[in-house]
Amino acid sequence: MCAVTHEDVLAAADRIGGHVLRTPVIEVADGLWLKLELLQHSGSFKVRGAFNRMLSAGELPESGVIAASGGNHGLAVAFAARALGARAEIFVPEVTSPVKVAGLAALGAHITQTGAIYAEAAEAAAKRAAESGALMVHAYDQPEVVAGQGTTGLELMEQTGGVDTVLAAVGGGGFAAGITVGTAAAIGAASGTATATATGAGAGGGPRIVAVEPERIPTLNAARRAGEPVPVEVSGVAADALGASRIGGLAFEILSGDRVESVLVADEAIVAARRTLWERHRVAAEHSGAAAYAALLSGAYTPAPGERVAVVVCGSNTDPATLTTE
């Protein structure tokens, strides 16, 4: 049985409802919706999981909370910690964009920039948490975090009346995993069967999930081929946000089933999708936020005639001056 159930997502929605935004969905073509999660507090979906983890923990330790992040998760943890009156200590790798580091500072986080990639920052954060007693808020591999991210899928199904397919970006996989459980939970809640659990993908029904990754960071794709999470090299335009070096264990369990399709997109497709989101829809996404849309524009995923499709645009922490140049 998976460690994240439909009931967990429904409980998360109740728990965090007063702390997060119900982000809008816009229909940009017949049967095609964009879920604008980039308009969420702190500029990404990550705040959902951060709040759910902290609020589930009860009284937070005096030493506060600690997290490692490529940037977006750190911003979310810092935002949630400030809202709850807790200290936040955030470890980020050298690849983290200056925009995100500045955002962390503005939120009052104690920042340590260390290591070339996320995995190295995560190792330093874990060591610090063991020393300080701070609550670790993992970027993607904790049940409370995955359940919190799953509220995005719950909202999406309610707002659209249901879709056939959801495209979501994958780094460590917590977001796509949460959406997999959350979209099924929405169907279960509507039919009165919310007690069903998600054992692998597909349990309890729900739309197809297209898990989109950069070709240069294929954590889920490589794990599905290997039959288990395996390390991958990290590089490319979306490395600051999708830069996990292996898929999370929880995410792999949830995203390994038949309901999930894994696709890869080139950096050039991500750049083009980001530019198109801005020029066509005036949506100012970071590269990771445009990755799912890139799968549609590049043909990595082609919907069938009449297929109802939603694309989650998941992050906006970017320098707007680069929207048409990078």
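Q: How many cavities of 30 Å³ or more does the count come to?
A: The count comes to one cavity of 30 Å³ or more. On a 1 Å grid over the protein atoms alone, a cavity is a set of points where a 1.4 Å probe fits but cannot get out. Grid points are joined across faces, edges and corners, and a volume is the space filled by probe spheres set on the points.

Q: What should I know about the model and its numbering?
A: This is a predicted model, in which local features need pLDDT of at least 70, side-chain atom pairs count only at pLDDT 80 or more, and totals for chains, interfaces and linings use all residues. Residues are numbered from 1 along each chain as its sequence is written, and side-chain values use heavy atoms, with hydrogens and water left out.

Q: What volume does the largest cavity have, and which residues are the closest to its centre?
A: Its volume is about 290 Å³. The lining has 27 residues, and K46, G171, G172, A241 and L242 are the closest to the centre. A lining residue has an atom within 4 Å of a point. Helices (H or I, at least four residues) and strands (E, at least two) are DSSP runs, numbered from the N terminus.

Q: How do the residues of that lining divide?
A: They divide into eleven nonpolar, 14 polar and two charged. Ala, Val, Leu, Ile, Met, Phe, Trp, Tyr, Cys and Pro count as nonpolar, Asp, Glu, Lys and Arg as charged, and the others, Gly among them, as polar.

Q: What about the largest pocket: what is its volume?
A: The largest pocket has about 250 Å³; a pocket is an open set with protein on both sides within 12 Å along at least five of seven lines. It is lined by 18 residues, of which S97, D240, H287, T318 and E326 are the closest to its centre. Helices α4 (98-106) and α11 (287-298) each give two or more residues to the lining. By class, the lining of the largest pocket has six nonpolar, seven polar and five charged residues.

Q: Moving to helices, at what angle do α2 and α3 pack?
A: Helix α2 (residues 46-56) and helix α3 (residues 72-84) pack at about 45°, with axes 8 Å apart. Axes are lines fitted to C-alpha atoms, for helices over the stretch in contact, and angles run from 0 to 180 degrees between N-to-C directions. That angle makes α2 oblique to α3. Angles under 35 degrees count as roughly parallel, over 145 as roughly antiparallel, 65 to 115 as roughly perpendicular and the rest as oblique.

Q: Which residues of α2 make that contact?
A: On the α2 side they are K46, V47, A50, F51, M54 and L55, while α3 contributes residues including N72, H73 and A76. Contact means heavy atoms within 4.5 Å. The contact of α2 with α3 divides into twelve nonpolar, two polar and one charged.

Q: And how does α1 pack against α6?
A: Helix α1 (residues 6-16) packs with helix α6 (residues 143-160) at about 90°, the axes being 8 Å apart. The two are therefore roughly perpendicular to each other. D8, V9, L10, A12, A13 and I16 in α1 meet A147, G148, G150, T151 and L154 in α6.

Q: Where does V25 lie?
A: V25 lies in strand β1 (residues 25-29). V25 and V311 are 286 residues apart in sequence and 9.6 Å apart in space, C-alpha to C-alpha.
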